[in-house]
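I opened this structure for the first time today and kept notes as I went. The entries follow in the order in which I looked things up.

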Amino acid sequence: MAGKTVSRRQFLKHAGATAALLGLSEVMIPQIAQALEELASGKPPVIWIQGQNCTGCSISLLNSNYPMVAELVLNDLSIRYHPNVMAAAGYTATDVLDESIKDLKGKYVLVVEGPVPTKEDGEFCTFGLQKGKTKDLMGNKVPADKTIHEWMKELVPPAAAVIAGGNCASFGGIPLANAGVTGATPVSKIVAEIDSEKPVVNIGGCPAHPDWITGTVLEALLFLKGKGKLNLNSHKMSRTFFGQLIHENCERRASFDAGLFLEDWNQDDPDMKLCMFKMGCKGPVTYADCPVRRWNSKVNWCVGASAPCHGCASPDFYKTLSPLYEPLPNVNFPGITPAVDTLGWVAAGATAVGVGAHYLYKQLGHKGEETGEGGEK
Ligand code: SF4
Ligand code: SF4
């Protein structure tokens, strides 16, 4: 995973791709190129560990729309540890973590994928062994497993910043919903218990879009180098990617405004234009740039493929936003009408709709945040 030399020409390509990724103008390319050159010359290390996860966010990252930027992050910025892409195994791999803790104080960014299980002493998620410690297993002394919670206690204090990669790491996601058997805990909560001053950035998504991951890591690295700013909402998510409601940019918004809703999955909708609010779309309460960024190299996105947005980028995913195919509950448009089944004609007024989108957000418990991008500070 060592870094490699990158030519000036390649760097300018990286810079152009980075500008596109971060939604910046091309006139920013020279400044971005300079910042990236400085970054790469210092090779800021990134350490990526995994908790109670499905590895979906790592797989998503490997499918990056911007392979040049992903290459930059994966190679040039020196990812020192990643369970899925590193060649090393066993102590050779975990020794890198021990060395980083000892030698790279304040220099590396720690990315955590998946929440941290805390019940049963965290034994639901372990990697590596505790050197010099043993435990009893069926009467035999065997080397003791090391839980991700224990790794976090060692890796967080020397880290320059921590990034929670994906909804599960950021907000608990599916592991935290309903069952709660493992005590899955969002990364930011664990970090706050270890070091309340440590900067944490959350990335939504289940999985996270590869651009959200690459872009957030880049934003954090540039910020730590004093070359950029971290513009976060109150959920510690980058406004570059989570600054606008899905509903505001949705290609079916005109149907919502006109009260034209899909009411049944067998309904005839040959042009795929009917709004899917009544089929469970959570776009009106989810902040993410999916309609404009799109997925799979910009081929399509959920609503474009006739699937309602499930709100996977939202801090309320999965527990509060489920069932996935049921409309948002208790939808009241202030001063207009209470019922979802009368939404069609109610929503025809543009003012009511504009108020309604933010009102829905507020109704999910985000008090005082209805005018902000996922919540203003
Ligand atoms: S409710 Fe969903 S499908 Fe309808 S306009 Fe909003 S985001 Fe698009
Ligand atoms: S459209 Fe909604 S469910 Fe689909 S990826 Fe974006 S935030 Fe997640």
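I began with alanine 19, which is found in helix α1 (residues 8–21); helices here are DSSP runs of H or I of at least four residues, strands are runs of E of at least two, and both are numbered from the N terminus. The model is a predicted one, in which local features need pLDDT of at least 70 and side-chain atom pairs count only at pLDDT 80 or more, while totals for chains, interfaces and linings use all residues. Residues are numbered from 1 along each chain as its sequence is written, and chains are lettered from A and ligands numbered from 1 in the order in which they are written.

Is alanine 19 exposed or partly exposed? It counts as partly exposed because it has 19 C-beta neighbours inside 10 Å. (Buried takes 20 or more other C-beta atoms within 10 Å, exposed 12 or fewer, partly exposed is in between, and C-beta atoms are placed from the backbone.) I also noted that alanine 19 and glycine 215 are 9.8 Å apart in space, C-alpha to C-alpha, and 196 residues apart in sequence.

Next I looked up the largest nonpolar core, which has 73 residues. A core is a set of buried Ala, Val, Leu, Ile, Met, Phe, Trp, Tyr and Cys residues joined through C-beta atoms within 7 Å. Helix α10 (residues 210–224) gives the most to this core, with seven residues. Ile163 is among the residues with the most contacts inside the core. Leaving aside neighbours within four places in sequence, I found isoleucine 163 in contact (C-beta atoms within 7 Å) with Val109, Val111, Val201, Ile203, Thr216, Val217 and Ala220.

Then I turned to helix α6 (residues 148–155), where Ile148, His149, Trp151, Met152 and Leu155 are buried. They lie on the same side of α6, because they cover an arc of only 160° around the axis, taken from the directions from the helix axis to the C-beta atoms. Among the elements they pack against are β1 (46–50), α5 (90–103) and α9 (187–194).

Last came the ligands. I counted as near any residue whose C-beta atom lies within 6 Å of the molecule. Ligand 1 is surrounded by 14 residues, and the closest are Cys250, Cys275, Phe277, Cys281 and Gly283. Helices α12 (246–249) and α13 (253–258) each give two or more residues to that shell. Around ligand 2 I found, among others, Ile246, Cys290, Trp301 and His310.

Conventions: Two residues are in contact if their C-beta atoms, placed from the backbone, lie within 7 Å.
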